[in-house]
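Subject: Structure handover and notes

Hello,

I am passing the structure below on to you. My notes come after it.

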Amino acid sequence: MRVGLAFITMQDELSELLGRKVDLNTPACLSPYFRKEVLDEAEVLYDAA
């Protein structure tokens with residue numbers, strides 16, 4: 001998955017709102033050593049669709 005400007009903008013906005021660094025990633029960017037565990041535990045908190 002290619003990450004676009006909106007993804008980076010969202011990361012910056014979240015960092016500003018939360019007052020701490022936020023690091024967003026796509027599933028493809030996760031280490032293969034723990035990707036399955038992360039995806040199994042993932043919860044959708046917001047869905048614009």
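Predicted model: local features only at pLDDT ≥ 70, side-chain atom pairs only at ≥ 80, totals over all residues.

Overall

The protein has two helices and zero strands. Its C-alpha trace spans about 30 × 25 × 20 Å along the principal axes. Of the 49 residues, 10% are buried. The accessible surface is about 4800 Å², and carbon and sulfur atoms account for 58% of that area.

The largest pocket

The volume of the largest pocket is about 420 Å³. Its lining consists of Asn25, Thr26, Pro27, Leu30, Val38, Leu39, Ala42, Glu43, Val44, Leu45 and Tyr46. By residue class, that lining divides into eight nonpolar, two polar and one charged.

Leu39

One of the lining residues is Leu39, which sits in helix H2, residues 35–41. Leu39 counts as partly exposed because its relative accessibility is 41%, which falls between the 20% limit for buried and the 50% limit for exposed. Setting aside residues up to four places away in sequence, Leu39 touches Pro27 and Leu30. Both of these contact partners are also listed in the lining of the largest pocket.

Phe7 lies in helix H1. Apart from its neighbours within four places in sequence, Phe7 is in contact with Leu24, Asn25 and Thr26. For Phe7 and Asn25, the C-alpha to C-alpha distance is 9.2 Å, at a separation of 18 residues in sequence.

With a relative accessible area of 44%, Ile8 is partly exposed. From Ile8 to Ser31, 23 residues apart along the chain, the separation is 20 Å. From Ile8 to Leu39, 31 residues apart along the chain, the separation is 21 Å.

Helix H1: Ser15

Is Ser15 buried or exposed? Ser15 belongs to helix H1, which covers residues 5–18. The relative accessibility of Ser15 is 19%, so Ser15 counts as buried, the cut-off being under 20%. The side chain of Ser15 reaches the backbone nitrogen of Val22 at 2.9 Å. Val22 is also among the residues that Ser15 touches, together with Arg20 and Lys21, when residues up to four places away in sequence are not counted.

In brief

For your own calculations, the items to look up are the pocket of about 420 Å³, the contacts of Leu39 with Pro27 and Leu30, the contacts of Phe7 with Leu24, Asn25 and Thr26, and the 2.9 Å approach of the Ser15 side chain to the backbone nitrogen of Val22.

Regards

Definitions and conventions:
Residues numbered from 1 in each chain as written. Heavy atoms only, no water. Helix = DSSP H or I, 4+ residues; strand = E, 2+ residues; numbered from the N terminus. Buried < 20%, exposed > 50% of the residue type's maximum accessible area, 1.4 Å probe, protein only. Polar contact = N/O pair within 3.5 Å; in protein donor to acceptor, adjacent residues only side chain to side chain. Contact = heavy atoms within 4.5 Å. 1 Å grid on protein atoms, 1.4 Å probe; cavity = no way out; pocket = protein on both sides within 12 Å on 5 of 7 lines; lining within 4 Å. Points joined across faces, edges and corners; volume = space filled by probe spheres on them. Nonpolar A, V, L, I, M, F, W, Y, C, P; charged D, E, K, R; others polar. Areas by Shrake-Rupley, 256 points an atom, 1.4 Å probe, with all protein chains shown as cover.
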